[in-house]
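Please look over the sequence and the structure below. A short briefing follows.

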Amino acid sequence: MKNFVPSFKKNIFWLSVDNFRTLRVGLFLGVAIYVTIDIAITQPRNLVSLAGLLVYLFLFYITSVNPARINWHTVYWGISVQFIFALLILRTHWGYDMFKWLGDRVTEFLQHSTAGIVFVFGEAWHQHVFIMKVIAIAPFFMAFINMLYYLGVMQAIISVIGRLLAFCMRTTPAESINAAANIFCSMTTSQLMIQPFLEDMTRSELHAVMTGGFATVAGGIMAAYINLGVPANHLLSASVMSAPAALAISKLSYPETEITKGSKKDFSFKDKGSERNIIEAITNGATLSLKIWAAIGTNVVAFLSLLGFVNSTLAWMGDRVGIENLSFELICSYVLFPVSFFMGVEPDDCGRVAELVGIKTFTNELIAYGNLQTYLENKKNLNNYTEYYNTTDWHWRNNDVVLNITNTVLKGGVLSGKSEVIATYALCGFANFGSIGITLGSLGTLAPSKKSDLSRMILRAMVCGNVACFLTACIAGLLYKPF
């Protein structure tokens, strides 16, 4: 039992144990030499992110439900796949340029939604930028994705990525497919794709499914972030990197102790939906987006309203004990300061990024990205100012930046390029308390016999999902290099 390897793995993995061990040792030595020569010497500050990565792994090892049963192969290759992927994007000009080009093409593609928005709402749509530019993207994007599902394109892509994850990490087909699907789909859609396997899943597999849902974002929601001005190339890479990270941290926190019923035949799923033609597929996709539209809008209104109430209450309490401007964001900036510091955020920016992480965890990631947009816009305005006037005549005033010549105040200040990138990766996931209800509701409906297990594991899975995002941020911080 202790050395159990599911039978399907013997059929999937053609590399022997010795070959994998040799590959692990070779990769480890290669990474160690690279980090020493190219990072430790030239950018020693980046090593803080490496320390943060090790701290997170250690904390989850000592809090694991069964440390003796951890499959270190899965953990090692989950981190390694992340590292290799980030290395291509953040350390090579061609990899960076490729994802920059891909991100620009995605941004251009999403801009076509403006045609439908203008037709329905008129030229005055820009007076309601958030709901029109962010939420109204959902019908266009979901219609496109559902069309790809009808054509079988999405299933093929997800199956290939799922097989790759299973091959590298020795995870079961169902949890590998779910992790791959989470790159493109919402957590509920990904769960539907593996519905036939849910009732037979072990607790460790179910935990991995929940963690994967918390650690990633749906394609439609990612489109909304891009429309907010968040760099598309980093969002795309963060979404991909979070899939192996979720499996790695999930298996570290909740290792497999049961016999899985997974089989390599599970990769041959053919879920194409019930549409009879491509027009019906497009229509159904657009209709399904109404749920996303309503969910985003109502959640933003609800959480921002509650946040306003909480901040008003905290300010009232702070005034009575001599603390000025006490707020939820201020508390997060202190409590979560170590989290942002160990991800490699520049010390001067740690408080701001800690605020974003707190907002993302306790409200939702869309509000956090909305706040990040403020810093991105401020940075853009500051760069335009310095280029136009050919001067650095500006200064900080508390947390704001003041442009002396124009007497313009950039509220909230700016983040460094490195801190912006790390924040983008750290916020890219559904891991917040609001998503707990969504996950329990959907999985509990699909696998009613597993409700008690799901309820016991859900909070652990949400924390794991958050830390999976932090792991991608740590690797991004370690390998960050301005181009």
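In which sense do strand E1 and strand E2 pair, and over how many bridges? E1 (residues 394-397) and E2 (residues 400-403) are antiparallel, with four bridges. This is a predicted model: local features need pLDDT of at least 70, side-chain atom pairs count only at pLDDT 80 or more, and totals for chains, interfaces and linings use all residues. Residues are numbered from 1 along each chain as its sequence is written, and side-chain values use heavy atoms, with hydrogens and water left out.

**Strand pair**
- Strands (E, at least two residues) and helices (H or I, at least four) are DSSP runs, numbered from the N terminus.
- Two strands pair if DSSP finds at least two bridges between them.
- Trp396 stands opposite Val401 in E2.
- The E1–E2 hairpin has two residues between its strands, and Asn398 takes a positive phi near 55 degrees.

**Helix H3**
- H3 (residues 47-62) has 16 residues.
- Its buried residues (under 20% relative accessible area, 1.4 Å probe, protein chains only) are Val48, Ser49, Gly52, Leu53, Tyr56, Leu57 and Phe60.
- These buried residues pack against helices H4 (72-91), H15 (232-253), H18 (337-342) and H23 (451-479).

**Helices H19 and H20**
- The axes (lines fitted to C-alpha atoms over the stretch in contact, with angles from 0 to 180 degrees between N-to-C directions) of H19 (residues 350-362) and H20 (residues 365-389) come within 7 Å and cross at roughly 155 degrees.
- That crossing makes H19 roughly antiparallel to H20, a term for angles over 145 degrees.
- Contact (heavy atoms within 4.5 Å) involves several residues, including Leu356 and Ile359 of H19 and Ala368 and Leu372 of H20.

Conventions:
Expected span 1.5 Å × (residues − 1). Buried < 20%, exposed > 50% of the residue type's maximum accessible area, 1.4 Å probe, protein only. Parallel < 35°, antiparallel > 145°, perpendicular 65-115°, else oblique.
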